[in-house]
Amino acid sequence: MTAQTQRAVLAGGCFWGMQDLIRRLPGVTATRVGYTGGDVPNATYRNHGTHAEAIEILFDPERTDFRAILEFFFQIHDPSTKNRQGNDIGLSYRSAIYYVDDEQKRIAEDTIADVDASGLWPGRVVTEVEPVGPFWEAEPEHQDYLQRYPDGYTCHFPRPGWRLPARTDS
């Protein structure tokens with residue numbers, strides 16, 4: 001990570017689909033999938049305790065920003081379902097934003113308020129907002145999964161025409 005690179009850590013269901021879509025965003029320079037937000041050190045696919053499947057994103061702040069990444073994150077997964085995305089059910093598949101500093105926390109809370117105000121999802125956002133902790137990189141077979149298996153499983157999809165409006169204070 002260089003001085004010009006910033007880090008984001010997000011969880012929104014199975015990490016395969018999240019990585020496949022987020023890696024394509026302009027300004028994203030690297031991604032890796034893993035486990036975070038839980039209780040097991042050196043987490044693995046077979047033993048990740050209460051960790052969420054997550055994606056670590058490195059991005060160039062001159063080409064994109066944390067808000068833009070979050071807007072896409074909220075477009076490609078349903079943040080109104082607790083511990084579930086598609087057919088995946090359980091704590092591993094929760095929606096969470098793991099902020100790296102107070103500014104990311106502020107942006108996350110503001111973006112969630114915009115999502116709630118927008119009515120774009122059927123319910124209120126249940127996405128957790130927590131400080132980032134250790135990130136345990138997933139095994140090689142989980143990295144870049146959908147690049148290697150283009151017809152593999154995913155529950156993440158861009159929604160054409162989905163745009164998050166900013167709240168207007170009235």
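This is a predicted model: local features need pLDDT of at least 70, side-chain atom pairs count only at pLDDT 80 or more; totals for chains, interfaces and linings use all residues.

Q: What makes strand β6 (residues 95-99) largely enclosed by the rest of the structure?
A: Five of its five residues are buried, so β6 is largely enclosed. Both faces take part: Ser-95, Ile-97 and Tyr-99 point one way, Ala-96 and Tyr-98 point the other way, and all are buried.

Q: Which way does strand β1 (residues 6-12) run against β6, parallel or antiparallel?
A: Antiparallel, with four bridges joining the two. Strands count as paired from at least two bridges, so four bridges qualify β1 and β6. Leu-10 has Ile-97 of β6 as its bridge partner.

Q: And which way does β6 run against strand β7 (residues 128-131), parallel or antiparallel?
A: Parallel here, again over four bridges. Tyr-98 is bridged to Glu-130 in β7.

Q: What do β6, helix α3 (residues 102-118) and β7 make together?
A: They make a β-α-β unit, and a right-handed one. The hand is called right because, with the strands pointing away from you, the path from the first strand over the helix to the second runs clockwise.

Q: How do you know that β2 (residues 28-36) and strand β8 (residues 136-137) pair?
A: Two bridges link them in the antiparallel sense. The rule asks for at least two, so they pass. Tyr-35 stands opposite Trp-136 in β8. β2 also runs antiparallel to strand β3 (residues 52-59), joined by eight bridges, with Gly-34 opposite Ala-54.

Q: Then why is Tyr-145 with Tyr-149 called tilted?
A: The centres are 5.0 Å apart, with 40 degrees between the planes. Stacked is under 30 degrees and edge-to-face over 60, so 40 degrees is tilted. Trp-16, Tyr-145 and Tyr-149 form one aromatic cluster.

Q: Are Tyr-145 and Tyr-149 buried or partly exposed?
A: Tyr-145 has 18% relative accessibility, so it counts as buried. Tyr-149, with 43%, is partly exposed, because that class runs between 20% and 50%.

Conventions. Residues are numbered from 1 along each chain as its sequence is written. Side-chain values use heavy atoms; hydrogens and water are left out. Buried means under 20% relative accessible area, exposed over 50%, partly exposed in between (1.4 Å probe, protein chains only). Rings of Phe, Tyr and Trp (its six-membered ring) pair if their centres lie within 6.5 Å; planes under 30 degrees apart count as stacked, over 60 as edge-to-face and the rest as tilted.
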